[in-house]
Amino acid sequence: MTLPQRTFFTVQEVTIRWDCSPYDLAGWAIAGKLDIVTAIEPIEQGGEVLAGLVVVPVADILSMFRRWDNGQASRSIRRIRVPGQEGWTMIADPLHHIEVELADLMVLADEVYQFELLNGMANRWTDPGGAPSRYDWEGLYVALIRRVHFHGLPATQAEWIADAQAWFAEKSRNGEVPDESTIRRRLGPIWKSLQEDG
């Protein structure tokens, strides 16, 4: 059985897929290169019921996308836009303002694929016979999962990153190892998620 194409990617998935920071993604959204959306419950605004996926104004919630962990955990959205339409709809009633967290934000899959095509990134994902990734991230993820399974989480994020660097150093054929900021960008969201209560 073949599953249908994905409908959307979370912001976290896109940053990992493109090896970029949430701040980069926010910048592209503000520049109009892509839309970031969220799902809302039905609200009535100006006699019209709005529900489902809506575009969020990233400029209004930019603090959520900061590179460091001191960004705001959630923000209240006071305007939204229906995908494919021009202009923002203001939410007049404060009771209908929409509270969102970074985990609630997504990019539609069609936009992800189009962005990759326009920026020469498509072959990385659509051509299995293409050039391999510079680093074996999948192998690292497997190693880290095994480490957590058999030995638990390291005490600190620094130790988590150091374990990843050591793994790359051991497996590298030419001595190349990703820099610490690249590893932190990829593993930081995973580390943060593993610290949250279930």
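Reader: Why is R79 called partly exposed?
Author: This is a predicted model. The relative accessible area of R79 is 22%. Buried means under 20%, and exposed means over 50%. The 22% of R79 lies in between, so R79 is partly exposed.

Reader: Where is R79 found, and what is R79 in contact with beyond its neighbours within four places in sequence?
Author: R79 is found in strand 5, residues 79-80. Its contacts beyond four places in sequence are P57, D60, W88, T89, M90 and I91. Take D60, one of them. R79 and D60 are 19 residues apart in sequence. Their C-alpha atoms are 9.1 Å apart in space.

Reader: What makes helix 1 and helix 3 roughly parallel?
Author: The angle. Helix 1 (residues 11-18) and helix 3 (residues 109-118) pack at about 20 degrees. Angles under 35 degrees count as roughly parallel. Helix 1 and helix 3 are therefore roughly parallel to each other. Their axes are 12 Å apart, and the crossing is right-handed.

Reader: Which residues make the contact of helix 1 with helix 3?
Author: Helix 1 gives V14, R17 and W18. Helix 3 gives V112, Y113, F115 and E116. These residues divide into five nonpolar, no polar and two charged.

Reader: What is said of the phi of D19, and why is D19 called partly exposed?
Author: D19 has a positive phi of about 55 degrees, although D19 is not a glycine. D19 sits in the loop between helix 1 and helix 2 (22-30). Its relative accessibility is 28%. Buried needs under 20%, and exposed needs over 50%. D19 therefore counts as partly exposed.

Reader: How do you know that strand 2 and strand 3 pair?
Author: Count the bridges. Strand 2 (residues 37-45) and strand 3 (residues 48-55) have seven bridges, in the antiparallel sense. A pair needs at least two bridges, so strand 2 and strand 3 pair. Q45 stands opposite E48 in strand 3.

Reader: How many residues lie between the strands in this hairpin, and which one takes a positive phi?
Author: Two residues lie between strand 2 and strand 3. G46 takes the positive phi, near 60 degrees.

Methods
Residues are numbered from 1 along each chain as its sequence is written. This is a predicted model: local features need pLDDT of at least 70, side-chain atom pairs count only at pLDDT 80 or more; totals for chains, interfaces and linings use all residues. Side-chain values use heavy atoms; hydrogens and water are left out. Axes are lines fitted to C-alpha atoms, for helices over the stretch in contact, and angles run from 0 to 180 degrees between N-to-C directions. Angles under 35 degrees count as roughly parallel, over 145 as roughly antiparallel, 65 to 115 as roughly perpendicular and the rest as oblique. A crossing is left-handed if the near helix is turned anticlockwise from the far one by less than a right angle, and right-handed if clockwise. Contact means heavy atoms within 4.5 Å. Ala, Val, Leu, Ile, Met, Phe, Trp, Tyr, Cys and Pro count as nonpolar, Asp, Glu, Lys and Arg as charged, and the others, Gly among them, as polar. Buried means under 20% relative accessible area, exposed over 50%, partly exposed in between (1.4 Å probe, protein chains only).
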